[in-house]
Amino acid sequence: MVATGLIRTIVGIIGNVISFFLFLSPTPTFVKIWKAKSVQEFKPDPYIATVLNCMMWVFYGLPFVHPDSLLVITINGIGLVIELTYVAIFFIYSPWSKRRKIVLALVIEVIFMAVVIFITLFFFHTTKIRSGIVGILAIIFNVIMYSSPLTVMKLVIRTKSVKYMPFYLSVFNFLNGIVWVVYASLELDPYILVPNGMGSLLGLLQLILYAAYYRTTNWDDEPPTEVQLPDV
């Protein structure tokens, strides 16, 4: 048992490191946005989804919800700050129509999170029940975070170009999912296992798309016609 706990801690630390680089992996995308002073066809969906995902996992990892989950809190707390920075950059360089959608999405997320915290703390009084409820919600929003790049994947298939699908984001999505699957399997935490298993599969699909359409990508072309941002 001690050996399993030690291995799980080591894997969790590795997961923190990989997750940190996952959060930083879109940096080249935001450098492009900053230089162009425009979001072009880059979409805020993954970053807005990840904000809610990080908030949910920070809450899940608190000792009065799911004890002994410090590694879950640390990386998701860091991730929350990084993702809010990305969303702020997106907001600055987006047209007003997209800015309204970004603000609306964030307001809805904050209200939703406040309701979840209130209901969990005032109506449920054991960590087993709290971790079960918050864990299920965390699974749902982890799946949303991992599936949010589907809008970008659709664009890749339509344009036969991977220009607007960041490669490093796909790589670290895949690696992150694999490591946290191992972490969750060591003490069978289904709330971490399920979404990260799906995340590793989606990351693999993105890498397959990247390999399939890399050669048909024109890296020097002008940004294509703006695509309408879906409601988030």
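Predicted model: local features only at pLDDT ≥ 70, side-chain atom pairs only at ≥ 80, totals over all residues.
**View 1**
The C-alpha atoms of P46 and F167 are separated by 14 Å, although the two residues are 121 residues apart along the chain. A cavity is a set of points, on a 1 Å grid over the protein atoms alone, where a 1.4 Å probe fits but cannot get out, and its lining residues have an atom within 4 Å of a point. Grid points are joined across faces, edges and corners, and a volume is the space filled by probe spheres set on the points. By this rule there are two cavities of 30 Å³ or more, and the second largest cavity has a volume of about 90 Å³. The lining of the second largest cavity consists of 13 residues, of which P46, V152, Y164, P166 and L169 lie nearest its centre. Helices α3 (45-61) and α7 (150-159) are the elements that give two or more residues to this lining. By class, the lining has ten nonpolar, two polar and one charged residues, with Ala, Val, Leu, Ile, Met, Phe, Trp, Tyr, Cys and Pro counted as nonpolar, Asp, Glu, Lys and Arg as charged, and the others, Gly among them, as polar.

Contact means heavy atoms within 4.5 Å; leaving aside neighbours within four places in sequence, V65 is in contact with F59, Y60, T127, R130, S131 and V134. T120 is found in helix α5 (residues 96-123), and counts as buried because its relative accessibility is 2%. With neighbours within four places in sequence again left aside, the contacts of T120 are F59, R130 and V134. V65 and T50 are 15 residues apart in sequence, and their C-alpha atoms are 20 Å apart in space.

**View 1. Helix α8 and Y183.**
The 20 residues of helix α8 (residues 167-186) should span 28 Å at 1.5 Å a residue, and the end C-alpha atoms are 30 Å apart, which agrees; the expected span is 1.5 Å times one less than the number of residues. Among the buried residues of α8 are L169, F172, N173, N176, W180 and Y183. Y183 counts as buried because its relative accessibility is 4%. Not counting residues up to four places away in sequence, Y183 touches R8, V11, G12 and I192. The C-alpha atoms of Y183 and R99, 84 residues apart along the chain, are separated by 38 Å. Just after α8, L188 takes a positive phi of about 45°.

**View 2. K37 in its loop.**
K37 is found in the loop between α2 (27-36) and α3, and its phi is near 55°, a positive value in a residue other than glycine. Most residues other than glycine have a negative phi. K37 counts as partly exposed because its relative accessibility is 48%.

**View 3. I7 and the annotated transmembrane regions.**
I7 lies in helix α1 (residues 2-24) and is partly exposed, with a relative accessible area of 43%. An unreviewed UniProt entry places the feature "transmembrane region" at residues including 6-25 and 46-65; the positions are given in the numbering used here, feature names are shortened, and annotations may be inferred rather than shown by experiment. In the model, residues 6-25 are 95% helix and 0% strand, with end C-alpha atoms 29 Å apart. Residues 46-65 are 80% helix and 0% strand, and their end C-alpha atoms lie 26 Å apart.

Notes:
Residues numbered from 1 in each chain as written. Heavy atoms only, no water. 1 Å grid on protein atoms, 1.4 Å probe; cavity = no way out; pocket = protein on both sides within 12 Å on 5 of 7 lines; lining within 4 Å. Helix = DSSP H or I, 4+ residues; strand = E, 2+ residues; numbered from the N terminus. Buried < 20%, exposed > 50% of the residue type's maximum accessible area, 1.4 Å probe, protein only.
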